[in-house]
Amino acid sequence: MKAPTQNRVPSVSKFFNVQLHLHNILSYFLLFACGLTFGVILSFYLKDFSFNLQLTHFSFSANSRSSPSSQLLEPNLKAEHVRIGLTEYLKPPKAMHDMNEEELLWRASTVSRIPKYPFDRVPKVAFLFLTKGPVFMAPLWEKFFKGHEGLYSIYVHSNPSYNGSDPESPVFHGRRIPSREVEWGKVNMIEAERRLLANALLDLSNQRFVLLSESCIPLFNFSTIYSYLINSTQNFVMAFDEPSSVGRGRYNSHMYPAIKIQQWRKGSQWFEMDRELAVEVVSDQKYFPIFQKHCRGSCYADEHYLPTFVSIKFWETNSNRSLTWVDWSKGGAHPAKFLRTDVTVEALKRLRSGSKCKYRGNTTNICFLFARKFSPGALDRLLRFAPKLMQFNR
């Protein structure tokens, strides 16, 4: 009767052993899970701590570089932040640049709306030479300009085919501008004049602008011409109404209504103007396109565009005369040339003071500051007579 009771005791013992084993497994699992969780949290914490430590080190290093005590790194820091002052900003580009026509005219047409300049400025006269090749009167101009540096600028527009093979005079060295082909009597003559004006306008010190050719000479010394131009209150663009076939006869009715025949003017292409008018000429988007389209054939744009444009818009400030003397007495499509034998002291004196005109409201006999057309053969006699007669050393 005792046997069954003894058999139940081992069974109960086995049951409790299994429960204890399961309990141990569960404890180990919970302990492992806690350890894994703690490890993950610790790993993220250490990474964050490392990043903050690196960031703090970087910040400290940056502060150290900006600190006055870090003298070795200071020059490099300054080199990365070069200051461009007003002087560098205002410096005009070299005469030969890489701007295209549109870019050049746009830049030249920009003006300041504040009239007072924030820097000292010495006004200059821009001498614009429209030539086929070299300025063969350069030796005479050298004597004219000598000793007056800083009061003038020179720009030369020559035919693109000219390779500069002739010896270049020092005063004209590096003064050629990007150019295009120019044909006598064609509208591209005006395009070249606008190109010269635009390049000269890039120098804010240029206040007066005079157009010349390779056959032009000065009739007075630099001081006289500079004073005459800088102190003038007018522009010098010849403009008159010519009712004949060589005047109104060249008018194209397709220019109407922007340009009426009553407004059509003729004059010499050899102008002299102030900065305000020069800006208007290079900015003209109304009248010049009309000339480009309709002034062709026998129209001769160089004799009509500026006289017409100035008469329509700026007649109040125009003197209606040119400062360049030309001899048309022999007739023909071109003025007479001065050959070697034509150059005498008496002839030069007549050019200098043989006329009467108005200047700043007063009558004067100084009406022409320049003259043309002088042949290359006349240069040696000009070099002999002109410097003394015109007192180039003053």
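A residue is counted as buried when its relative accessible area is under 20%. In this predicted model, S205 has a relative accessible area of 17% and is therefore buried. S205 is placed in the loop between α6 (188-201) and β3 (206-213). Beyond its neighbours within four places in sequence, S205 contacts R121, V122, P123 and K124.

Rolling a probe the size of a water molecule over the atoms shows where empty space is left. The largest pocket holds about 1,100 Å³ of space. Its lining comprises 45 residues, and W184, Q269, W270, R372 and K373 are the closest to the pocket centre. By residue class, the lining of the largest pocket consists of 20 nonpolar, 14 polar and 11 charged residues.

The second largest pocket contains about 660 Å³ of space. A total of 22 residues line this second pocket, with T110, V111, S112, L204 and R275 lying nearest its centre. Three helices, α3 (86-90), α4 (101-109) and α8 (275-283), each contribute at least two residues to the lining of the second largest pocket. In that lining, 15 residues are nonpolar, 2 are polar and 5 are charged.

Key. Residues numbered from 1 in each chain as written. Predicted model: local features only at pLDDT ≥ 70, side-chain atom pairs only at ≥ 80, totals over all residues. Heavy atoms only, no water. 1 Å grid on protein atoms, 1.4 Å probe; cavity = no way out; pocket = protein on both sides within 12 Å on 5 of 7 lines; lining within 4 Å. Points joined across faces, edges and corners; volume = space filled by probe spheres on them. Nonpolar A, V, L, I, M, F, W, Y, C, P; charged D, E, K, R; others polar. Helix = DSSP H or I, 4+ residues; strand = E, 2+ residues; numbered from the N terminus. Buried < 20%, exposed > 50% of the residue type's maximum accessible area, 1.4 Å probe, protein only. Contact = heavy atoms within 4.5 Å.
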